[in-house]
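The following note is intended for a colleague who meets this structure here. Please read the numbered points alongside the sequence and the model.

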Amino acid sequence: MVRALMCLELILNAVNINFVTFSDFFDSLQLKGNIFSIFVIAIAAAEAAIGPAIVSSIYRNRKSTRINQSNLLNK
């Protein structure tokens, strides 16, 4: 599960790079891509703060952090 959170962070960083690059490439007068990337950075920061807390609570309850073993809706 920690690996999935790290992959999500990498995906969000790649999205930020694309937003800034294409915003500069297509319309350099407006900063829409730059502003939107700031919002994505805020979402990534919230995910980085809340994600490990969720993982630790799942580990505390289930004694495992494997994604394929966490059937939280069964119990």
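**Notes on the model**

1. Ser37 touches Asn16, Phe19 and Val20, leaving aside residues up to four places away in sequence; contact here means heavy atoms within 4.5 Å. Ser37 itself belongs to helix α2, which covers residues 32-62. Helices (H or I, at least four residues) and strands (E, at least two) are DSSP runs, numbered from the N terminus.

2. The model is predicted: local features need pLDDT of at least 70 and side-chain atom pairs count only at pLDDT 80 or more, while totals for chains, interfaces and linings use all residues. Residues are numbered from 1 along each chain as its sequence is written, and side-chain values use heavy atoms, with hydrogens and water left out.

3. Is Ser37 buried or exposed? Ser37 counts as buried because its relative accessibility is 6%. The classes are buried for under 20% relative accessible area, exposed for over 50%, and partly exposed in between (1.4 Å probe, protein chains only).

4. The side chain of Ser37 also reaches the backbone oxygen of Asn34, at 2.6 Å. This falls under polar contacts, that is, pairs of N or O atoms within 3.5 Å; within protein, one must be able to donate a hydrogen and the other to accept it, and residues adjacent in sequence count only if both atoms are side-chain atoms. Between Ser37 and Ile17, 20 residues apart along the chain, the C-alpha atoms are separated by 8.1 Å.

5. Val20 is placed in helix α1 and touches Asn34 and Ser37, again not counting residues up to four places away in sequence. Val20 counts as partly exposed because its relative accessibility is 36%.

6. At 54% relative accessibility, Asp24 counts as exposed.

7. Helix α1 runs over residues 2-26, which makes 25 residues. From its first C-alpha to its last it reaches 36 Å, close to the 36 Å expected at 1.5 Å a residue; the expected span is 1.5 Å times one less than the number of residues. Which residues of α1 are buried? They are Leu12, Asn16 and Ser23, and these buried residues pack against α2.

8. On the surface, Leu31, Ile35, Phe36 and Phe39 form a nonpolar patch with about 420 Å² of accessible area together. Ile35 is found in helix α2 and, at 46% relative accessibility, counts as partly exposed.

9. For the chain as a whole, the secondary structure comes to two helices and zero strands. Of its 75 residues, 16% count as buried. Residues 24 or more positions apart account for 50% of the contacts with a separation of 6 or more.

10. The chain exposes about 6100 Å², and carbon and sulfur atoms supply 68% of it. Accessible areas come from the Shrake-Rupley method with a 1.4 Å probe; for residues, only the protein chains shown count as cover.

Note on methods:
Patch = residues over 30% accessible without salt bridge, like charges linked within 9 Å, V, L, I, M, F, W, Y side chains within 5 Å. Salt bridge = Lys/Arg side-chain N within 4 Å of Asp/Glu carboxyl O.
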